[in-house]
Amino acid sequence: MKRILIPAGGALLATGLLAAGLAGTAQADDTVAKDAMATSAANAKAIAQFWAENNGAALKAATESNVWDKADVAKLQSKGGYSSDTKPGSTAPIGQEKKASTKVQNVNMPKTIGKVFFVNSKGEKKWCSATSIQSQYRNLVATAGHCVYDTAANTDVMSKWVFVPGYYQGKSPWGIYVGKQAFTHYDFDVYEDYDRDYAFVTVYNGVHVSGKTTKVTPSEYKSHVAKGGVGFVKETPITKEEFEAGYDKYGEAGPFKSKVADPKVETVAKPSDVTVGNVDAYIKGEGPTKGVQLTGAEVYKSQYTAAGTGFDNGDKFERLSTEVPISKEQYDELKAAKGDGKFMGEVRAQLGDDKKTEVAWFKTQFFIKKWVKTTVQMKYWVEDYYVVDIAGKDAGRLGDNVGGQGFAWNQPTGKAVRVFGYPAAPHPDGNKNYTGVTPKWCYGTTTKKLVGSAAKKIEEHVALKCAMTEGADGGPWLYKYSNSKRLGYVNGVTSTFNDQDGNGRVDYISSPYFDGETNTVYKAAAASWSGKIV
């Protein structure tokens, strides 16, 4: 059992969510961390509507999560390995709490699986695989931790997170279940430790969204939303001439205008009126030729030395290229960055009278002149206001509708499991075997011979021979799976995809090892109530 510890006499440099200022989300317990998702029924309604409106257009537009790129799909390392921390244990699936399992031959997909949909920090609509799992209030989803937290951007939980069991091409047969609270291991929440890449998310009761949309006045829209209703505003672009001609026509609906977030910046020739007397005004962006400014482009010392001394693009910008004092910490950082090729300037340390002790530190950056013209772009539009009826249908609790898998921890390797998920990504060689439209499965025995990954510094994963690609991440590894009951015990979730023989194709997947600490996280989530949206 690996633990991340703060070394005696030193400080651990945390990454991930702690670096983003979210250490406070973890509980006093050093195992369980929990973070809020949709914090109110009104917020949850809006999230459900976002995915369901326009006949599930947002659901259809989502693509598989892209945490693992080609460079990450690498060979697992044969080192490290998990260690059990308590005795093996299990919690029975929903409906099988007091029933004995039976052996059958047919392979059937579990009713509990589906996709989790979310919006990442880039604004991209993404999805992973997941399953409903046993819990006190029948409201729990198990998936991968990286399908809940945006680790690539070191941000908070994914936005607009929902679970759709039985999802198929925009349809949500048992409703949309909005995430209320995410439970993970503290080491994943704070340090992004992929040996703890699992999450348990409580969800509100499902909702069936009618999707009935009505166009209303701006005042009616504002009143509806203020009461907790759901609506949206549609912007229609117009020209500058239409904006100026119709200023009194639209009332609350517009027209509107604003600056585009990123103005257009282009390199131009030196203005013909530049002189020694007005160059300072050009540096401030206030020169006679409006919109044109003299700025600097950083270069290496050799490029600066070779540059001319006039006013043209590419000539020396002496006044920017001066030595300035810095702190010892900045000196060390820039010296390391220069060694990595990430700093183009020079640094130096000044010695004291003893010629041994460093007493001052300096940096010099080198710039050449660059004449640019910035054009502020304007956006013009009018608005239409719509309200949406989603209030009519409570779909009930997740576990009551689709059941819930059991949970098992501290199980030995060498046991047979069935893994389910929605693979979609191509293999590293570009071959695309899967569409992500329908769930697929793998069957085999787990092994701890292949337990490490250089990509995420993983030491304690278990592996399975399987060719499923990304999109299947978050999907359950089911121990003792009964094909007739479509139930088993979640004993892992797909975390990584690996090319063990180096032929450009995924041939192994891996999961964090579920130990007693995983059970602690699970139990905290399984005892948490969520409630209804409508």
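Author: A disulfide here is a pair of cysteine sulfur atoms within 2.5 Å. This is a predicted model, in which local features need pLDDT of at least 70, side-chain atom pairs count only at pLDDT 80 or more, and totals for chains, interfaces and linings use all residues. Residues are numbered from 1 along each chain as its sequence is written, and side-chain values use heavy atoms, with hydrogens and water left out.

Reader: How many disulfides does the structure hold?

Author: Two. With the bonded cysteines numbered in sequence order, they pair 1-2, 3-4.

Reader: What makes cysteine 128 and cysteine 147 a disulfide?

Author: Their S to S distance is 2.1 Å. The cut-off is 2.5 Å, so the pair qualifies. The link is left-handed, with -80° about the S-S bond. It joins distant parts of the chain, 19 residues apart. Cysteine 128 sits in strand 5 (residues 125-133), and cysteine 147 in the loop between strand 6 (140-143) and strand 7 (159-165). Strands are DSSP runs of E, at least two residues, numbered from the N terminus.

Reader: How do you know that cysteine 442 and cysteine 466 are bonded?

Author: Their sulfur atoms are 2.0 Å apart. That is within the limit, therefore this is a disulfide. Cysteine 442 lies in strand 24 (residues 440-445). Cysteine 466 lies in the loop between strand 25 (461-465) and strand 26 (476-482). The two are 24 residues apart.

Reader: Why is the disulfide of cysteine 442 and cysteine 466 given its handedness?

Author: The torsion about its S-S bond is about 65°, so it is right-handed.

Reader: Are cysteine 442 and cysteine 466 buried or exposed, and why?

Author: Buried means under 20% relative accessible area, exposed over 50%, partly exposed in between (1.4 Å probe, protein chains only). Cysteine 442 has 11%, so it is buried. Cysteine 466 has 4%, so it is buried. Cysteine 128 and cysteine 147 are both buried too.

Reader: Why is histidine 146 called buried?

Author: Its relative accessible area is 1%, under the 20% limit, so the term applies. Histidine 146 is in the loop between strand 6 and strand 7. Beyond its neighbours within four places in sequence, its contacts (heavy atoms within 4.5 Å) include Trp68, Phe188, Tyr194 and Asp473. Tyrosine 194 is 48 residues away in sequence but 8.5 Å away in space, C-alpha to C-alpha.

Reader: What makes the link between histidine 146 and aspartate 473 a polar contact?

Author: A polar contact is a pair of N or O atoms within 3.5 Å; within protein, one must be able to donate a hydrogen and the other to accept it, and residues adjacent in sequence count only if both atoms are side-chain atoms. The side chains of histidine 146 and aspartate 473 meet at 2.8 Å, so the distance falls within the limit.

Terms used
Helix = DSSP H or I, 4+ residues; strand = E, 2+ residues; numbered from the N terminus.
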